[in-house]
Amino acid sequence: MAAQKINEAHEHIAKAEKCLKTSLTKWKPDFDSAASEYAKAAVCFKNAKQYEQAKDAYLKEAEYHTENKTLFHAAKAIEQAGMMMKEQKKMPEAIQYIEKACMMYMENGTPDTAAMALDRAGK
């Protein structure tokens with residue numbers, strides 16, 4: 001089961017990398033699709049209990065959402081990366097990601113979501 005999920009995650013990462021390639025007919029990378037594929041990969045890694053790889057996938061997702069100027073979704077991905085660190089009992093790193101996500105929520109104009117993120121992290 002876990003090996004199957006890991007393979008599925010690697011397939012999603014390969015699709016994401018394909019979305020980022022440019023060519024003569026495709027001038028701009030498709031950041032939205034790449035972020036979506038990384039999100040799917042992160043969920044697969046999370047289900048396989050590969051939290052470090054899930055964290056990396058969530059951070060890549062956040063990077064591409066930031067490129068796309070969708071701060072809310074980037075913050076959500078960073079928050080999930082923090083939760084992966086919380087699962088591994090790496091609290092300083094988890095706190096760092098959660099705080100960064102909260103700042104991005106604030107920049108996006110959603111302070112209530114920032115408060116909920118802090119509340120979830122604290123539980």
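Helices here are DSSP runs of H or I with at least four residues, strands are runs of E with at least two, and both are numbered from the N terminus. The model is a predicted one, in which local features need pLDDT of at least 70 and side-chain atom pairs count only at pLDDT 80 or more, while totals for chains, interfaces and linings use all residues. Residues are numbered from 1 along each chain as its sequence is written, and side-chain values use heavy atoms, with hydrogens and water left out.

Glu-79 is placed in helix α4. Because its relative accessibility is 1%, Glu-79 counts as buried. With contact taken to mean heavy atoms within 4.5 Å, and leaving aside neighbours within four places in sequence, Glu-79 touches Ile-98, Ala-101, Tyr-105, Ala-117 and Arg-120.

Helix α4 has 17 residues and spans 24 Å from its first C-alpha to its last, close to the 24 Å expected at 1.5 Å a residue, where the expected span is 1.5 Å times one less than the number of residues.

**Helix α3 and its surroundings**

Helix α3, residues 51-67, also has 17 residues, and its reach of 24 Å between first and last C-alpha is close to the expected 24 Å. Its buried residues are Tyr-51, Ala-54, Lys-55, Ala-57, Tyr-58, Glu-61, Ala-62, Tyr-64 and His-65, and what covers them includes α1 (2-20), α2 (31-47), α4 (71-87) and α5 (91-108).

**Packing of helix pairs**

Two packed helices are described by the angle between their axes and the distance between the axes. The axes are lines fitted to C-alpha atoms, for helices over the stretch in contact, and the angles run from 0 to 180 degrees between N-to-C directions. Angles under 35 degrees count as roughly parallel, over 145 as roughly antiparallel, 65 to 115 as roughly perpendicular and the rest as oblique.

| Helix pair | Axis angle | Axis distance |
|---|---|---|
| α1 and α2 | about 170 degrees | 8 Å apart |
| α2 and α3 | roughly 165 degrees | within 8 Å |
| α3 and α4 | roughly 165 degrees | within 8 Å |

By these angles, α1 and α2 are therefore roughly antiparallel, α2 and α3 are therefore roughly antiparallel, and α3 and α4 are therefore roughly antiparallel. A crossing is called left-handed if the near helix is turned anticlockwise from the far one by less than a right angle, and right-handed if clockwise; the crossing of α1 and α2 is left-handed, as is that of α2 and α3, and α3 passes α4 in a left-handed crossing.

In the contact of α3 with α4, the residues involved include Tyr-51, Tyr-58, Leu-59 and His-65 of α3 and Ala-74, Ile-78, Met-84 and Met-85 of α4. Sorted by class, this contact has 11 nonpolar, 4 polar and 4 charged residues, where Ala, Val, Leu, Ile, Met, Phe, Trp, Tyr, Cys and Pro count as nonpolar, Asp, Glu, Lys and Arg as charged, and the others, Gly among them, as polar.

Where α1 meets α2, the residues include Ile-6, Ile-13, Cys-19 and Leu-20 in α1 and Phe-31, Tyr-38, Cys-44 and Phe-45 in α2. The contact of α1 with α2 divides into 12 nonpolar, 4 polar and 6 charged residues.

Asn-47 lies in helix α2 and, at 47% relative accessibility, counts as partly exposed. Between Asn-47 and Glu-93 there are 46 residues of sequence separation and 21 Å in space, C-alpha to C-alpha.

Lys-49, in the loop between α2 and α3, has a positive phi near 60 degrees although it is not a glycine, and it counts as exposed at 59% relative accessibility. Helix α3 is followed by Lys-69, whose phi is positive and near 65 degrees. Lys-89, which follows α4 in the loop between α4 and α5, likewise has a positive phi near 65 degrees in a residue other than glycine, and at 66% relative accessibility Lys-89 counts as exposed.

Key: Buried < 20%, exposed > 50% of the residue type's maximum accessible area, 1.4 Å probe, protein only.
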